[in-house]
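Please examine the sequence and the three-dimensional structure shown below. The briefing after them is arranged by topic.

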Amino acid sequence: FRVPWEDVMKMGMAHGHGASTSTHSFFRACSGKPIPPRSSRKNSRLWKTHSSKTTSTPDTSETLLTLPSSGASISIETVPSIDEIVQSEWDACAYPQDERTEKVPFLKHSFLAALESSKSVSRDEGWLPLHLVVKSENDGKLLGCSPLYMKGHSMGEYVFDQGWAQAFERAGGSYYPKLQSAVPFTPVTGSRLLVRGGLDEDDRKIVSSALARGLIACCHQYNVSSAHVTFCRGEEMATFRELGYMPRLGMQYHWENRRRGTEEKYASFKEFEMDLKQSRRKNVRQERKRPAKDGLRVFRATGDDIKPDQMADFYEMYVAQTEKKWGRDYLRREFFDEIYETMRDDILFVFAEQEGTGRLVAGAINFIGSPAPFCRKW
């Protein structure tokens, strides 16, 4: 491991606060074991094919560490910052272009890097990066990865486990620190076992299993209470279940572009309106006319159409809205500056400005994914 042990100990001193679709999360309790001496923690490598021992995970086997298609050896290790991973390599796993998979922009290297470089995610904020990576021993190519953090609290996860923490500690345990595989502050379903595009199905299973086992190995290596995987895809359930993870099911409400009772999509917003009851259709139309009556212009901006001062204005809106709702502004100003530089083409703003003055009075930030955009803040 390359994460300083002192950082992990400091994490342990932090404390936590307090059409529908299922969301999938998993929990894996880990039995504690004596903390290994510092001399044994210098290497970031968890598993190595040519080693005669299995470290951290008792059921690791040689077959787990080779790809069926080629017999190539693989290894799994941790890195303390996503900047230690080449962007194109990470994105080849998180955002493969050669497969028909949903594209979730929050898994992109640039998004996670902005969280870290802005210090929105850091040890001091209770999120210590500890990303898992699987590499080929033959050429060092990244085959898989998983966004992973050592947590000193349960904030910013949108899956509330404070009750578990209290019960764990009443029983004499120490719930924090824990491991969390997630995208910070982002309750959006997406893969957590990210596998490089182009691998055949058998190879994908091996890499996915190696990542899931790596989470358990990290638990034992750091002597933490548990590993949590939140808002993962349903297709990953089998991999986690096989390794003894406990599933948790949640509920979210999603709007899908689909005519009621059919698989046919709406071709326009007007078609959607016509499917509503007359009273609701009337209300929607009146609401859409209201901004113009109040002297407001609603417009969209993406890519190079986004101006630096618009990003700055939106940050002020974000802070004001958070304070109004008694929330916490997890994202720092530097985060917005960073995504303006690196992710403009992935962002779609919707703004409302006063006619004549051009002063922005409201806005919403959307991240463009496939098959849908994701609205984050408004």
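Residues are numbered from 1 along each chain as its sequence is written, and side-chain values use heavy atoms, with hydrogens and water left out.

**Confidence**

- The protein has an average pLDDT of 83, and 82% of the residues score at least 70; pLDDT is the predictor's confidence in each residue, from 0 to 100.
- Confidence is highest in helix α3 (residues 109–117), at a mean of 98, and lowest in helix α1 (residues 5–11), at 37. Helices are DSSP runs of H or I with at least four residues, strands are runs of E with at least two, and both are numbered from the N terminus.
- Where pLDDT is low, the predicted coordinates should not be read in detail.

**Helices α9 and α10**

- Helix α9 (residues 308–324) packs with helix α10 (residues 333–342) at an angle of about 145°, and their axes are 10 Å apart. Axes are lines fitted to C-alpha atoms, for helices over the stretch in contact, and angles between N-to-C directions run from 0 to 180 degrees.
- From α9, the contact involves Pro308, Met311, Ala312, Phe314, Tyr315 and Tyr318; from α10, Arg333, Phe336, Ile339 and Tyr340 take part.
- By class, this contact has nine nonpolar residues, one charged residue and no polar residues. Ala, Val, Leu, Ile, Met, Phe, Trp, Tyr, Cys and Pro count as nonpolar, Asp, Glu, Lys and Arg as charged, and the others, Gly among them, as polar.

**Backbone features in loops**

- Tyrosine 176 and proline 177 are joined by a cis peptide bond, with omega about 0°. Proline 177 lies in the loop between α4 (162–170) and β8 (178–181).
- Phenylalanine 185, in the loop between β8 and β9 (194–195), has a positive phi of about 60° although it is not a glycine. Phenylalanine 185 counts as buried because its relative accessibility is 4%; buried means under 20% relative accessible area, exposed over 50%, and partly exposed in between (1.4 Å probe, protein chains only).
- Asparagine 223, in the loop between α5 (201–222) and β10 (226–232), has a positive phi near 60° and is likewise not a glycine. Asparagine 223 is partly exposed, at a relative accessible area of 31%.

Note on methods: This is a predicted model: local features need pLDDT of at least 70, side-chain atom pairs count only at pLDDT 80 or more; totals for chains, interfaces and linings use all residues. Contact means heavy atoms within 4.5 Å.
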